[in-house]
Amino acid sequence: MLSSALPRGAHAVLVTSGHLRHLEPGLQVPPLLLANSLIAAFSRAALPRLAFPLLRRLLAGAHPLRPDGFTFPPLVRAAPGADTAAQLHACALRLGLLHPNVFASGSLVHAYLRFGRVAEAYRVFDEMPERDVPAWNAMLSGLCRNARAGDALALFGRMVGEGLAGDAVTLSSVLPMCVLLEDRALALVMHVYAVKHGLDGELFVCNALIDVYGKLGMLEEARWVFDGMALRDLVTWNSTISAYEQGGKVAAAVGLFHGMRESGVSPDVLTLVSLASAVAQCGDERGAKSAHCYVMRQGWDVGDIIAGNAIVDMYAKLSKIEAAQRVFDNLPARDVVSWNTLITGYMQNGLANEAIKTYNHMRNHEGLKLVQGTFVSVLPAYSNLGALHQGMRMHALSIKTGLNLDVYVTTCLIDLYAKCGKLAEALILFEHMPRRSTGTWNAIIAGLGVHGHGAKALDLFSKMQQEGSKPDHVTFVSLLAACSHAGLVDQGRSFFDSMQTIYGIVPIAKHYACMVDMLGRAGQLDEAFEFIQSMPIKPDSAVWGALLGACRIHGNVEMGKVASQNLYELDPENVGYYVLMSNMYAKIGKWDGVDAVRSLVRRQNLQKTPGWSSMEVKGSVSVFYSGNQTEPHPQHEEIQRELQDLFAKMKNLGYVPDYSFVLQDVEQDEKEQILNNHSERLAIAFGIINTPPRTPLHIYKNLRVCGDCHNATKYISKISEREIIVRDSNRFHHFKDGHCSCGDFW
């Protein structure tokens, strides 16, 4: 008997799986039914090593039995790989079990798609004499899992063309394709389809619609579905809260959370992930502590790594990086997402060095596999410090892991090369990308802009439009900044208008700041001031700061006083604005104005933001701070000798120090020493000492380069016969033969 040769434990699996639970003990079971039941039981119990030998026993035993349509589907579902599925496919064909059996064919379709074998799945699907809705759903959901959005949409159209009405599963398979295609119109069409076929009352469908509308930024439509639901479950609330949080409506997201609690639905970990991000974006420290306490009361801080990661992210977004580090340190277990979250947190708080140290610790001690999020977290840190060679090593790692083809990783690499002065390499990466997102276009347009290639940035925007990529608010910030750096005022005005009239993008403070900067740089100060006066939103410090910077360039002290008064109210602790105003007074010899500003700084005990510059030599990044170093550089004495030598040569060529950039009330020789120890000069001297003659120097600075250092670097480029490339907080400066690419306009 077949049953006498069963492996030990087979009957237990058979009974516990429920297949023979209702059979009488003395009932004689037909061998094929018993074999099919065992195969199904072993497959469901994840024991394929016991299921497949049974098929061989059926076909090659002393009394061979012919399998039927119920034999193969569970075996196909248990197939460990595409080759096994193909062997089962061949066996079923040989026995003639496919064509009359939709169930067997459907299981093969599902298996092939599970292993990414789309062509084989299509072949099986197309050879089916009859296709029921589950068969279509298997094909559609499989194409969705393989990110074949176009194919899935075409297949759905074919299904509709054949007069077959889909069900809730059909819709749940097609709706995610709207997100992949970024197609809002298609989402609305699918919603209409749901209404037409009476599926809009299905909880499953409504949840899917809310999720898709949320991911597409269609919050009004998501809320309309939410408000019209007679029944809401946990998924409904989570999808809606997440939609509002992702869409930037964080206060509404928090309000929905409270509504969820009042309705009697208990939050889960995913709810808290959205809530933690929302309260952080609101800047609600009290709400953050409440969220943290709730996580602790539920025991999720020790039992759920997702909750722990969310709390780390929350504190980092609130600029409470020490609290984020403490939560991270207390996590009972950490996965790669935990590390990525902490790395990103350090970057969000301007701590690029700490971000890189955290990554190096993870890489050297934790043995975790790098994922997309790791590259996206750490590459901006290398970009920030100008650590080109370390960034290139990450590029090599991305190729090794196959993640160089990921659109987000490649976008970060483009940003890295552009910010490290390697614009040609950034353009090569961009041109070779098989698929580009809006973020990719934004990165290359911004890169061209900061290098002063405004016309090229505008040409790329035209190409972006031709390829059908939809610009967002970041695109227009990059375009307006590019127009500002290149003095393309008319084009900038046109972009500002078209972003509203054509693309429906409501300008935010950054757009207004770019416009003021562009008009101000071009000397159109009156128009810039009138533009500020006509703004529908309250001008922030970036807007008034742009006007103050333009007033410094063009020497308009009276308008500068108006800008500075607004800045003192909006951002009273930013000493940089006081420095700019002091410089303006000094340039026209109004020393009582200089004294008044300096007195104001002393009364408020303001400290200038520490300026730092970094330079990478032989794969190691050295960071220099303006003034006295807390830890003197190992080559401090050599650097000082080089600076003194350069200073003497500069004076012989006609250099005159501009002491208006020194805010301290000290003697002239001390002012000279302060200027000569600005961070970029320390980095330049270090580079001259440690690189071969005439080697280009790449310097990265966290603040805008001051006028005196800008002038001094022009002299140094001529004396040292080197190209010196300085990236400050605003743009790139290419110094060569005593000239700068910015034309002294920055």
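Guide: Let's begin with a network. Asp126, Arg131, Arg158 and Glu162 are linked by salt bridges. Keep in mind that this is a predicted model. In total it holds 22 salt bridges.

Visitor: What makes Lys419 and Asp415 a salt bridge?

Guide: Check the distance. Their side chains meet at 3.4 Å, N to O. The cut-off is 4 Å, between a side-chain nitrogen of Lys or Arg and a carboxyl oxygen of Asp or Glu, so the pair qualifies.

Visitor: Where do Lys419 and Asp415 lie?

Guide: Both are in helix α25, residues 407-419. They sit four residues apart, about one turn of the helix. Residues three or four places apart point the same way, because an α-helix has 3.6 residues a turn.

Visitor: Why is Lys419 called partly exposed?

Guide: Its relative accessibility is 35%. Buried means under 20% and exposed means over 50%, so a value in between is partly exposed. Lys419 therefore counts as partly exposed.

Visitor: What makes α25 mostly covered?

Guide: Of its 13 residues, 11 are buried. Among them are Val407, Leu413, Asp415 and Tyr417. The cover includes α23, α24, α26, α27 and β5.

Visitor: How do you know that the span of α25 is close to the expected one?

Guide: Compare two values. From first C-alpha to last, α25 reaches 18 Å. At 1.5 Å a residue, 18 Å is expected for its 13 residues.

Visitor: What is found at the start of α25, and what follows the helix?

Guide: At the start, a side-chain oxygen of Asp406 comes within 2.9 Å of the backbone nitrogen of Tyr408. After the helix comes Gly421, with a positive phi near 80°.

Visitor: How do you know that Lys463 and Glu431 form a salt bridge?

Guide: Their side chains meet at 3.5 Å, N to O. That is within the 4 Å cut-off, so the name applies. The pair links distant parts of the chain: Lys463 is in helix α28, Glu431 is in helix α26, and they are 32 residues apart.

Visitor: Why is each of these two called partly exposed?

Guide: Lys463 has 28% relative accessibility, so it counts as partly exposed. Glu431, at 42%, counts as partly exposed too.

Visitor: What do Lys701 and Glu680 tie together?

Guide: Their side chains meet in a salt bridge at 3.0 Å, N to O. Lys701 lies in strand β3 and Glu680 in helix α39, so the pair ties together parts 21 residues apart in sequence.

Visitor: Are Lys701 and Glu680 buried or exposed?

Guide: Both are buried.

How values were computed. Residues numbered from 1 in each chain as written. Predicted model: local features only at pLDDT ≥ 70, side-chain atom pairs only at ≥ 80, totals over all residues. Heavy atoms only, no water. Helix = DSSP H or I, 4+ residues; strand = E, 2+ residues; numbered from the N terminus. Buried < 20%, exposed > 50% of the residue type's maximum accessible area, 1.4 Å probe, protein only. Expected span 1.5 Å × (residues − 1). Contact = heavy atoms within 4.5 Å. Polar contact = N/O pair within 3.5 Å; in protein donor to acceptor, adjacent residues only side chain to side chain.
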